[in-house]
Amino acid sequence: GDSFDILGPGEIMAWSRILDDEEALCVLNPHGTEAKGADVTVDAQLNEPNSSMDVILNTAQAANPQGYTGSYAVGTRVPVLRAQDGRAYVEIRDLPPSEVLVLTNRPDAAGAVGP
């Protein structure tokens, strides 16, 4: 219900795309040297209470698939939380510098195969 804000340099950037009942959320830390985090708003109607979003891409993991030990590995479920005003959000914390996460509310998206 709120408009998006333009934040200062180095803050988390996030956007989503919705198709039917699926929401894909992209989260970017554009800061070059510091880990960042934020509460990222998601669609409250598509992400019911006690649901989660699944990480389907983590650029830090893609760069080092065998040695990756950080947070938000592909397949990680991130709970969808509710604010007192009913807003749905996911907590993203300590996203490494210059890294991107993609999450979806459709668990089988990571294994989806195109036609």
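Start by selecting Asp20, which is exposed, with a relative accessible area of 70%. Exposed stands for over 50% relative accessible area, buried for under 20%, and partly exposed for what lies in between (1.4 Å probe, protein chains only). The model is predicted, and local features need pLDDT of at least 70, side-chain atom pairs count only at pLDDT 80 or more, while totals for chains, interfaces and linings use all residues. Residues are numbered from 1 along each chain as its sequence is written, and side-chain values use heavy atoms, with hydrogens and water left out.

Stay on Asp20 and look at its backbone: phi is positive, about 55°, although Asp20 is not a glycine. Asp20 sits in the loop between β1 (13–19) and β2 (22–28). Strands here are DSSP runs of E with at least two residues, numbered from the N terminus.

Next, select Ser98. Ser98 also is not a glycine, yet has a positive phi of about 60°. The loop that holds Ser98 runs between β7 and β8 (100–104). Ser98 is partly exposed, at a relative accessible area of 45%.

Now go to the sheet. Select β3, β7 and β6: in that order they form an open sheet of three strands with antiparallel pairing. The edge strands, β3 (36–42) and β6 (81–82), each pair on one side only. Two strands count as paired if DSSP finds at least two bridges between them.

Last, show β3 together with β7 (residues 88–95), where the antiparallel pairing runs over six bridges. Which residue in β7 is the bridge partner of Ala38? Select Ile92 to see that partner.

Key: Helix = DSSP H or I, 4+ residues; strand = E, 2+ residues; numbered from the N terminus.
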